[in-house]
Amino acid sequence: MARIIVVTSGKGGVGKTTTAASLAMGLALRGNRTAVIDFDVGLRNLDLIMGCERRVVYDFVNVINQEAHLRQALIRDKRCDDLYILPASQTRDKDALTKEGVGRVLEELSEDFDYVICDSPAGIEKGAFLAMYYADDAIVVSNPEVSSVRDADRMVGILSSKSRRAELGEEPIKEHLLLTRYDPKRVERGEMLSVDDVLEILALPLLGVIPESQAVLNASNEGVPVILDEKSNAGQAYRDAVARYLGEDLPQRFIRPERKGLIGRLFGG
Amino acid sequence: MGLLSYFRSARPKSAQVAKERLQILVAHERQMRDAPSYLPQMQRELLAVIRKYVHVNDDAISIQMEQDDNHEILEVNIVLPEEGAGRLKTPELRGN
Ligand SMILES: Nc1ncnc2c1ncn2[C@@H]1O[C@H](COP(=O)(O)OP(=O)(O)OP(=O)(O)O)[C@@H](O)[C@H]1O
Ligand SMILES: [Mg+2]
């Protein structure tokens, strides 16, 4: 039985796809059989971030409509044998997803995988609803910024009232907060909400803090999940988050500004 | 205290403002989330009734539903304008 994890936020552009790609890669690198599904039908992007855009033949909607078998649509990652990607359709709209269809695909994936990660589209409409409906865990992605925090709280309300687990009265979805695009320098200057501020408002267990990092753009340029960039802060922060998800107790590493040495200050600016 | 640091501390940091705004907003939205679905409509209708007698702003009324183990409490708060400022004359005297 796979554990189903939704990566969600409400607000758009906060780092869900970046997170889904790195989380999936991180779990797979540790030997877990992992599938990651793009629920952003009509605006698929996960394939690009994962670097498999030219290998897409069938997609999620084809499988739901039974135009293709799941194994025909799953793309095996070239870097990690335990990782598979199920791309979204580019030509359909969100109505192509149905509750029953999504349920069927997740059930089939559950037989073969340890983790199934659902990369949610923005908003609270059908695509986002179906991405979270069957989840066991939710990674709520937020930036330290007012509208993103507000939407994250809204999404938490939806997880606890509209999910399958809520409907059946089962144990609620396990929620985790991932704070991304964090800029410790701006926090120090009082220009950005701090981790503690956000935790005080949202009251969710903290999975990790991903710093604002140029490595993320470089990684997406190249189609490599940033977690594979081991030298970057963001890559290391994602590794820590994966380890915490798997139960390790690690301190937060990137929440204070880096202090450059004298040489760094003279030449690094 | 130097002039510079006076100006620095005079204005709260924007993150502090953000936090306070969010705390109020999120608390309010959570309350609405758990509230019965008829509450917004009831609020509008109450406002309409009150306005037959008193001029009040849209935000002059706040409704909260609180729940404990035994009962639910509906709390309606209406802020009336100051005497003379916004009150209508008694209905009988109001022209037609
Ligand atoms: N830690 C980070 N540092 C710098 N840039 C980041 C970081 N995380 C994400 N970004 C950038 O933010 C943008 C949005 O990221 P991403 O596509 O992952 O968000 P999303 O939540 O999936 O968006 P959508 O809601 O449109 O699906 C991208 O340009 C990405 O490169
Ligand atoms: Mg996305």
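**Entry 1: the model.** I noted before anything else that this is a predicted model.

**Entry 2: extent of the contact.** I looked up which residues take part. Chain A brings 15 residues to the contact, and chain B brings 12 residues. I then turned to area. The size of an interface is often given as the accessible area lost when the parts come together. Here chain A and chain B bury about 1,300 Å² between them. Carbon and sulfur atoms give 56% of that area. I asked which three residues supply more than any other three of the area that chain A buries against chain B. They are A:R150, A:D153 and A:I201, with 41%.

Entry 3: I looked for salt bridges next. The rule finds five across the interface of chain A and chain B. I picked out one of them, between A:D153 and B:R33. Its closest N and O atoms are 3.2 Å apart.

**Entry 4: chain A's side.** I checked which helices touch chain B. Helix 7 (146-162) and helix 10 (195-202) of chain A each supply at least two residues. Helix 7 gives the largest share, six residues. I sorted this side of chain A by class. It has six nonpolar, two polar and seven charged residues.

**Entry 5: a patch on chain B.** B:L46, B:L74, B:V76, B:I78 and B:L80 make a nonpolar patch of about 360 Å². Where does most of it come from? Strand 2 (residues 72-78) of chain B gives the most, with three residues. B:L80 lies in the segment after that strand.

**Entry 6: helix 11 of chain A.** I looked at both ends of this helix, residues 214-222. A:S213 caps the N-terminal end. A side-chain oxygen of A:S213 lies 3.0 Å from the backbone nitrogen of A:A215. Just after the helix comes A:G223, with a positive phi of about 70°.

Note on methods. Residues numbered from 1 in each chain as written. Chains lettered and ligands numbered in written order. Predicted model: local features only at pLDDT ≥ 70, side-chain atom pairs only at ≥ 80, totals over all residues. Heavy atoms only, no water. Contact = heavy atoms within 4.5 Å. Buried area = accessible area lost by both parts, 1.4 Å probe. Salt bridge = Lys/Arg side-chain N within 4 Å of Asp/Glu carboxyl O. Helix = DSSP H or I, 4+ residues; strand = E, 2+ residues; numbered from the N terminus. Nonpolar A, V, L, I, M, F, W, Y, C, P; charged D, E, K, R; others polar. Patch = residues over 30% accessible without salt bridge, like charges linked within 9 Å, V, L, I, M, F, W, Y side chains within 5 Å. Areas by Shrake-Rupley, 256 points an atom, 1.4 Å probe, with all protein chains shown as cover. Polar contact = N/O pair within 3.5 Å; in protein donor to acceptor, adjacent residues only side chain to side chain.
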